[in-house]
Amino acid sequence: MTKLSFLAVFALCSCVSVKHPPKASSDDNEALIVEAMKKPVEQESGTRVTFSGTTKVSGDWAYFDGHAFPADGSEPAGDMTLDFAALLRRDSRRAWQVLDHGFSGDPSLIVHLRKTHPEAPVSIFPSNTDQLVKLWPMNHRAMGANSRRSWSRNARF
């Protein structure tokens, strides 16, 4: 009788399923971040793009560091030959929003992002960012020859 009771309870439990909302994996999160970055970059560049790089997330903040490439496989030109970085934050609807982004051939863009968004967690930026912020001039004319103005409408160079 005990085996029969055990089997009945087991059968009952295996038939009951409780639905939980799926947790977003880091891959899902990264895909949403990339989609958020595509819109402004494609709109401003006039071409479809893909990204390659590293994304760091802390809470509602994300930092992307890498490159943007034409999606059609053509050779990158202009700003796309430089490094790309973006700072994002989740809004009240939990959607990623690009706060600022741009292309640069030197640390000026990272310094710009860190100085204009001091509330962003230090942990999402490259490890030497605080040293760069202290040492790098924030003056547009002092930027290196390989830097170009950020494409972002929010840039404050």
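Predicted model: local features only at pLDDT ≥ 70, side-chain atom pairs only at ≥ 80, totals over all residues.

Biologist: What makes Phe84 count as buried?

Modeller: Buried means under 20% relative accessible area. Phe84 comes out at 1%, so it counts as buried.

Biologist: And why is the pair of Phe64 and Phe84 called tilted?

Modeller: Ring centres have to lie within 6.5 Å to pair, and planes under 30 degrees apart would be stacked, over 60 edge-to-face, with the rest tilted. Phe64 and Phe84 are 6.0 Å apart centre to centre, with 55 degrees between the planes, so they form a tilted aromatic pair.

Biologist: What does the pair of Phe64 and Phe84 tie together?

Modeller: Phe64 sits in strand E2 (residues 61–70) and Phe84 in strand E3 (residues 83–90), so the pair ties together parts that are 20 residues apart in sequence.

Biologist: Which residues do ring pairs link into a cluster?

Modeller: Phe51, Phe64, Phe84 and Phe103. The structure holds five aromatic pairs.

Biologist: Now the strands. How do you know that E3 and E4 pair?

Modeller: Two strands pair if there are at least two bridges between them. Eight bridges join E3 to E4, so they pair, and they run antiparallel. Their hairpin has five residues between the strands, and Arg94 there takes a positive phi near 70 degrees.

Biologist: Which strands does E2 pair with?

Modeller: E2 pairs with strand E1 (residues 49–58) in the antiparallel sense over ten bridges, and six bridges join E2 to E3, also antiparallel. Thr50 stands opposite Phe69 in E2, while Gly66 stands opposite Phe84 in E3. E1 and E2 form a hairpin with two residues between them, and Gly59 in the turn has a positive phi of about 60 degrees.

Biologist: Why is E2 called largely enclosed?

Modeller: Seven of its ten residues are buried, so E2 is largely enclosed by the rest of the structure.

Biologist: What about Asp100: buried or exposed?

Modeller: The cut-off for buried is under 20%, and Asp100 has 1% relative accessibility, so it counts as buried. Asp100 is in strand E4 (residues 96–104), and it is the bridge partner of Leu87.

Biologist: What makes the link between Asp100 and His112 a polar contact?

Modeller: A polar contact needs a pair of N or O atoms within 3.5 Å, one able to donate a hydrogen and the other to accept it. The side chains of Asp100 and His112 make one at 2.7 Å, so the distance is within the limit.

Biologist: Which side chain does Ser104 contact?

Modeller: The side chain of Ser108, at 3.2 Å. That is within 3.5 Å, so this one also passes as a polar contact. Ser104 is found in strand E4, and with 3% relative accessibility it counts as buried because the cut-off is under 20%.

Key: Residues numbered from 1 in each chain as written. Heavy atoms only, no water. Helix = DSSP H or I, 4+ residues; strand = E, 2+ residues; numbered from the N terminus. Buried < 20%, exposed > 50% of the residue type's maximum accessible area, 1.4 Å probe, protein only.
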